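Hi,

Here's the structure I said I'd pass along. Have a look at it first, and my notes on the pockets and the ligand follow below.

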Amino acid sequence: MNSNEVKAYSNGKKSGVKVFVAGSYEALSKKAATILAGAIANKPEFILGLATGTSPLGLYDELAELNAQGRVDFSKVTSYNLDEYYPIAPENDQSYRYFMNKNLFSKINIDIEKTHVLSGLTKDPEGECKAYDAEIEAAGGIDLQVLGIGNNGHIGFNEPGKDFIWGTHMVELTESTIEANSRLFNSADEVPRAALSMGIGNIMCAKQIVLVANGPKKAQAVKEALEGEITPYCQASILQLHPNVTFVLDEDAASALTEYKEI
Ligand code: F6R
């Protein structure tokens with residue numbers, strides 16, 4: 001595939017799931033940014049759900065570029081991030097608040113007061129989670145949620161297990177996630193052992209979802225999410241039931257798909 005190409009894929013079944021495969025990470029990021037910019041243009045007082053991690057970095061750069069060109073306006077947008085480590089201070093350069101300020105909020109015309117990230121310092125995690133859910137509901141719900149996907153199929157910090165958890169909650173991180181995230185810390189010992197995360201209900205209630213994934217390490221999780229049975233052992237598999245979810249992948253992340261073919 002040409003590096004700036006993006007192709008639509010389908011499994012031939014009627015569902016709310018759309019899949020695009022891009023010839024490069026840049027093309028993937030541009031495609032995702034175009035979807036977001038179009039949605040925000042239709043509703044300036046947009047409620048945007050955001051993710052951290054390396055997958056959406058290109059998308060955030062593209063959004064900053066579109067914003068600089070006056071092609072998307074964040075001045076009336078309110079954002080809610082999926083998750084935050086616990087405990088962690090917002091000034092810590094590994095916190096998700098720090099990540100968002102650095103990689104997106106400082107580069108676009110969003111009002112920082114309208115950006116929300118769960119507090120990694122709260123003394124009352126349960127109260128913090130309840131208040132977050134209530135605030136999102138009072139805002140009218142999330143219009144579009146950006147997601148990445150973990151190598152183990154997690155979305156947010158909803159880890160594989162026997163249940164889907166509905167609302168925002170505290171999570172003990174799995175060894176595999178601590179290990180995967182340790183690349184960003186000096187060592188695995190420094191990775192916080194817990195996090196606060198939106199639940200599967202928060203994600204599924206978003207009116208639209210855009211999931212970005214790139215690289216061969218995501219291939220198996222993407223396959224299980226799109227083609228596997230719907231099970232909490234692959235939390236992202238529940239997205240098959242969402243009425244408006246778009247997976248934007250590169251060829252590596254799409255490489256294990258067998259039911260989805262180019263259309
Ligand atoms: C981050 C988040 C996580 C990541 C996932 C993939 O807010 O919710 O679920 O999306 O761990 O991370 P990357 O993109 O770093 O591979």
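A quick definition before the volumes: a pocket here is an open set of grid points with protein on both sides within 12 Å along at least five of seven lines. Keep in mind that this is a predicted model.

With that in hand, the second largest pocket holds about 220 Å³ of space. Its lining includes Asp 133, Glu 137, Trp 166 and Cys 205, with α4 (125-138) and α6 (200-205) each giving at least two residues. By class, that lining splits into five nonpolar, five polar and two charged residues.

The largest pocket comes to about 840 Å³. It has 38 lining residues, and nearest its centre are Gly 53, Thr 54, Asn 181, Arg 183 and Leu 184. β5 (83-86), α3 (96-103) and α5 (175-181) are the elements that contribute two or more residues, and α3 has the largest share with five. The lining counts 14 nonpolar, 18 polar and six charged residues.

So where does the ligand sit? It takes up the largest pocket. There are 15 residues around the ligand, the closest being Ser 55, Asp 83, His 154, Gly 156 and Lys 218. That shell has four nonpolar, eight polar and three charged residues.

On its own the ligand exposes 410 Å², and the protein buries 92% of that.

Cheers

Terms used:
Residues are numbered from 1 along each chain as its sequence is written. This is a predicted model: local features need pLDDT of at least 70, side-chain atom pairs count only at pLDDT 80 or more; totals for chains, interfaces and linings use all residues. Side-chain values use heavy atoms; hydrogens and water are left out. On a 1 Å grid over the protein atoms alone, a cavity is a set of points where a 1.4 Å probe fits but cannot get out, and a pocket is an open set with protein on both sides within 12 Å along at least five of seven lines; lining residues have an atom within 4 Å of a point. Grid points are joined across faces, edges and corners, and a volume is the space filled by probe spheres set on the points. Helices (H or I, at least four residues) and strands (E, at least two) are DSSP runs, numbered from the N terminus. Ala, Val, Leu, Ile, Met, Phe, Trp, Tyr, Cys and Pro count as nonpolar, Asp, Glu, Lys and Arg as charged, and the others, Gly among them, as polar. A residue is near a molecule or strand if one of its heavy atoms lies within 4 Å of it. Accessible areas come from the Shrake-Rupley method with a 1.4 Å probe; for residues, only the protein chains shown count as cover. A molecule sits in a cavity or pocket if more than half of its atoms lie within 2 Å of its grid points.
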